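The report that follows is written for a reader who is meeting this structure for the first time.

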Amino acid sequence: MSKRDKLQPLQVFQLLPGTNCKKCGQLTCFAFAFALIGRENKPEDCPDLLTEQYKSSLDLLNEYFGGEVSVEKTGLLIDQEKCCGCGDCVAVCNKCQGTVLFGSGVIIPRNVPPVLKVIDGRVQVVCWESCKRCMNPPEYCRVCEERCPFGALELVR
Amino acid sequence: MNAGKMVCTACSCLCDDIEIEMENGTITGIGNACRKGSAFLFGSQNEKQRAGYLAKGREVEVESALDAAARLLSGARRPLLFGLDNSTLEAQTLGIELARKLGGVLDDSSSFCHGRLVEDILAGMLPTCTHEQIHDADLIIYWGANPHNAQPRHLSRFSLYAHRKYHEAGVKRHVSLAVVDVRESETAGVAHHFFRVLPGEDRDFIAAVIEGIKGKPVGKDAAEFLGLLEKSRCCVIFAGLGLTYSLDNDFSLFYELIGHMGKWLKPAVIPMGGHYNARGFNHSLYNATGYVNKVSFAGGRVAHGDEFSLLEQVRSRAADCLLVVGADLFSALPASLAALLDGVPVITVDPFYTATAGASTGVLGAALSGLEAGGTAVRMDGTVVSLAPVKTPRHLSDEQILKRLLEKLG
């Protein structure tokens, strides 16, 4: 999904029954919407969505959040079908591997191995520990997702 | 086993950082290559896709195929050599020599692509630069080009993201990316500025910008584009086929714009060639004849003109034998034109069994440049790149094939 057609939490919430029945394991339907985006839950976890009334919502949600994906460690989803291996994400990630001293205009390089690498024509995570999200305290950088021209990368956390 | 780094010859970027992993002579892993390059390199291992040595549809020995091809060429009165864009500089030199010896016509895809731009660059009429000099630029423009499809690694390896001054952080942007295109392409999606023009109306847009330079009131888009140019000190324009086709090879207005820009900034134009050594062919032929394409060697003299372009040669049924080197003519030509080649003997030199190879009288399978055969090539920006093979070839290289053909023709 590209940047243009990415579903936002409120849009996901509008597709849900809104009964807050807690049968999915989440406290509210809004929490379930976030859990869907984070791939912690699947659309089928909501029993109401399986009824005829919500069939169209279920189809749409399955289109976005269905399928087997694992984001346990990185939170970075890579759509291998959409990725063309242009390496834009690799280049911008490498450029961002520095700590900016705000106000001074100085960028201190981190000197860490690259997070991403294009292997066999598709981008793959090779060293997630180098990502700024793994720093202490973490920096919630999204540059790889933002600069992907095909919308192949999605950070779900 | 890591076989080291090689140059990818899938497109005109000629990326020289491709990591290859091999086991027992088979590629098992490719690092850094884009999807296009990976598919190209992995595809070279599919024997069903590779061309062998054929004569009249039958598989023959190399010598027999070469003999048959030489017989066809020597018996032709008006042979046409087309292609060589996917061959090394060394093979191109031999191709030119072969055309000269046969007294035939020589052309390549640049006659309907970037030939005019490259010719003017070589003649010194149009300013250009290399990818290394892009670091001086503060404005990069892709005009009628979508590198994310044609040359996927262009932004990350040579232009915006490779720029020394590019950084995501900070308030001031040191280098900007602008795209002029008829649709919001992938490149336009990540560009800082996007100017949409209607199909075929690039000329009007250029005219509007020139009017703006002269101080006349212009539309919003042209004014914004002019504002970008006025703020810039060094601008590189990557000219795609969209610009060439929209201007219909009449670049006078574009050159006028470049001339005006030259008054306050340093402009440079780089044509976004498609084939890996298309620009190399233009260089080789220009050095040999003074023209970049559409050349005839009939009667021992060099002649140049539109009548010697592939399209005119096919349309007028002028050629009585075709030697196609590294090009898929039958896939590229419209069906109405391809039908005119019915009955004309075609000899194809190609690493892959293409549609053209399928319709050819003789097929000479070649080694894949960069992977199986070495040599030199010219990147889209005019830089010479050395190709070092990493795999043992099972076929002759196109250079060897052309050399053998020359020998057989005496």
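## Burial and the basis of the model

A residue is called buried if 20 or more other C-beta atoms lie within 10 Å of its own, exposed if 12 or fewer do, and partly exposed in between, with the C-beta atoms placed from the backbone. By this rule A:Asn111 counts as exposed, because it has 8 C-beta neighbours inside 10 Å. A:Asn111 is found in the loop between strand E3 (106-109) and strand E4 (116-119) of chain A, and it has a positive phi of about 50° although it is not a glycine.

This is a predicted model, in which local features need pLDDT of at least 70 and side-chain atom pairs count only at pLDDT 80 or more, while totals for chains, interfaces and linings use all residues. Residues are numbered from 1 along each chain as its sequence is written, and chains are lettered from A and ligands numbered from 1 in the order in which they are written.

## Chain A as a whole

The secondary structure of chain A comes to 5 helices and 6 strands, where helices (H or I, at least four residues) and strands (E, at least two) are DSSP runs numbered from the N terminus. Along the sequence these elements follow the pattern α-α-α-β-α-β-β-β-β-α-β. The C-alpha atoms of chain A fill a box of roughly 55 × 35 × 25 Å along the principal axes, and of its 157 residues, 28% count as buried.

Chain A is divided into domain 1 (9-65) and domain 2 (76-155), with bounds that come from an automatic or database domain assignment. The centres of these two domains, taken over C-alpha atoms, are separated by 30 Å.

## A loop of chain A

The loop between strand E5 (122-125) and helix H5 (143-147) of chain A holds A:Cys141, and A:Pro137 has its place in the loop between E5 and H5 of chain A. A:Pro137 is joined to A:Asn136 by a cis peptide bond, with omega of about 0°.

Is A:Cys141 buried or exposed? A:Cys141 counts as buried, because it has 20 C-beta neighbours inside 10 Å. Leaving aside neighbours within four places in sequence, A:Cys141 is in contact with A:Cys96, A:Lys132 and A:Arg133, a contact being two residues whose C-beta atoms, placed from the backbone, lie within 7 Å. A:Cys141 and A:Cys89 are 52 residues apart in sequence, and their C-alpha atoms are 12 Å apart in space.

Chain B is divided into domain 1 (51-112 + 276-408) and domain 2 (115-271), and the C-alpha centres of the two domains lie 33 Å apart. Their contact takes 11 residues from domain 1 of chain B and 9 residues from domain 2 of chain B.

Between the chains, the contact takes 25 residues from chain B and 22 residues from chain A. On the side of chain B that touches chain A, at least two residues each are supplied by E3, H1, helix H6 (154-157) and helix H7 (186-190) of chain B, and the largest share, 4 residues, comes from H7(B). The residues of this side of chain B divide into 11 nonpolar, 9 polar and 5 charged; here Ala, Val, Leu, Ile, Met, Phe, Trp, Tyr, Cys and Pro count as nonpolar, Asp, Glu, Lys and Arg as charged, and the others, Gly among them, as polar.

Helix H8 (residues 202-213) and helix H9 (residues 220-231) of chain B pack at an angle of about 60°, with their axes 9 Å apart; axes are lines fitted to C-alpha atoms, for helices over the stretch in contact, and angles run from 0 to 180 degrees between N-to-C directions. The contact is made by B:Phe205, B:Ala208, B:Val209, B:Gly212 and B:Ile213 of H8(B) and by B:Ala222, B:Ala223, B:Phe225 and B:Leu226 of H9(B). By class, this contact of H8(B) with H9(B) has 8 nonpolar, 1 polar and no charged residues.

B:Lys294 lies in the loop between helix H12 (278-289) and strand E13 (295-296) of chain B, and has a positive phi of about 50° although it is not a glycine. B:Lys294 counts as buried, because it has 24 C-beta neighbours inside 10 Å.
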